[in-house]
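Reader: Please show me the model. I would like to go through its helix packing and a few of its residues.

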Amino acid sequence: SSKKSEKIIFFDEPVLSQIGSAVLNLKKEEIKSIYEDIIDKKTSYFTGMHICGNSEWDFIMSLPVNIVNFDAYNYSEEFFLYKDSIKRFIRRGGFIAFGIVPTDSDLLNKTSLKDIKELTDYIEKKLIEITDYEKIYERVFYTPSCGMGSLNNDETFRVLDLLKSLK
C-alpha cells in the first residue's frame, strides 16, 4: 500500500446531517456513488468529511473517507450509538476528529476547560471500550465543533486557547 502524504482534502457536508429526512432527497446509494467517483482509493492524500450536526454515522463511516469530523460537543452521545461502525472505521485506519469546543457564542461562554477535559476523557474511555485499541490516541484528534466565522475575535481566540490547553 502506498504511503499517504501530509495533504488532506476535506468535504464540508452539513447537509448530510439530514440523510433520510424530507430535506435531503438524495438516496444513500447516490451519495456513496458520488464519493466513490470523487475519491480514488489509490490517492496519495487523506480525505476527510466534516458534518456539523448529527447524522447516520454508520453510513458516513462507510464512505471512502479517512477522517470523520463532527460536533462532538453536542452529538457525542448519538455518535457512540454506532459502536460497530466506529470499530470498523478505526480498524480500517480511519481517524476521528471530535469537535469538542463549541463555536456557538452562548455555549462557548458557558464552557470551561474543565468541561472540555471531561468530554475528552469521556470520548477516550468510550473509544477504548468500543475498539479495544490501546493506541486510540493515534486515531483521534480534537477540533472546534464547527466553523468559527460567526465568532468575534475574542471568542475565536478562546476556542483556540481551549484546544491548545488540552495538551
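Author: Start with a definition: axes are lines fitted to C-alpha atoms, for helices over the stretch in contact, and angles run from 0 to 180 degrees between N-to-C directions. This is a predicted model, so local features need pLDDT of at least 70 and side-chain atom pairs count only at pLDDT 80 or more, while totals for chains, interfaces and linings use all residues. Residues are numbered from 1 along each chain as its sequence is written, and side-chain values use heavy atoms, with hydrogens and water left out.

Reader: In what order do the elements of the protein chain run from the N terminus?
Author: Helices (H or I, at least four residues) and strands (E, at least two) are DSSP runs, numbered from the N terminus. The protein chain has seven helices and five strands. Their order is β-α-β-α-β-α-α-β-α-α-β-α.

Reader: What share of the residues of the protein chain counts as buried?
Author: Buried means under 20% relative accessible area, exposed over 50%, and partly exposed in between (1.4 Å probe, protein chains only). The protein chain has 167 residues, and the buried share is 43%.

Reader: What share of the contacts with a separation of 6 or more joins residues 24 or more positions apart?
Author: A contact means heavy atoms within 4.5 Å. Among contacts in the protein chain with a separation of 6 or more, the share from residues 24 or more positions apart is 70%.

Reader: Are helix 3 and helix 6 roughly parallel or roughly antiparallel?
Author: Helix 3 covers residues 72–79 and helix 6 covers residues 113–131; their axes lie 11 Å apart at an angle of about 25°. Angles under 35 degrees count as roughly parallel, over 145 as roughly antiparallel, 65 to 115 as roughly perpendicular and the rest as oblique. The two helices are therefore roughly parallel.

Reader: How do the residues of the contact of helix 3 with helix 6 divide?
Author: Helix 3 brings Ala72, Tyr73, Ser76 and Glu77; helix 6 brings Ile116, Leu119, Tyr122 and Ile123. Ala, Val, Leu, Ile, Met, Phe, Trp, Tyr, Cys and Pro count as nonpolar, Asp, Glu, Lys and Arg as charged, and the others, Gly among them, as polar. The division is six nonpolar, one polar and one charged.

Reader: How is helix 4 oriented to helix 6?
Author: Helix 4 spans residues 83–91. Its axis comes within 9 Å of that of helix 6, and the two cross at roughly 85°. That makes the orientation roughly perpendicular.

Reader: How many residues of the contact of helix 4 with helix 6 are charged?
Author: Lys83, Ile86, Lys87, Ile90 and Arg91 of helix 4 meet Lys126, Leu127, Glu129, Ile130 and Thr131 of helix 6. Four are nonpolar and one is polar; the charged ones number five.

Reader: Is Ser76 buried or exposed?
Author: Ser76 sits in helix 3. Not counting residues up to four places away in sequence, Ser76 touches Phe70, Asp71, Leu119 and Tyr122. With a relative accessible area of 6%, Ser76 is buried.

Reader: What separates the C-alpha atoms of Tyr75 and Asn54?
Author: Tyr75 is also found in helix 3 and counts as partly exposed at 26% relative accessibility. Leaving aside neighbours within four places in sequence, Tyr75 contacts Cys52, Gly53, Asn54 and Phe70. Tyr75 and Asn54 are 21 residues apart along the chain, and their C-alpha separation is 6.0 Å.

Reader: How far apart in space are Glu138 and Ile96?
Author: Glu138 lies in the loop between helix 6 and strand 5 (140–144). Its relative accessible area is 48%, so Glu138 is partly exposed. Glu138 and Ile96 are 42 residues apart in sequence, and C-alpha to C-alpha the distance is 9.9 Å.
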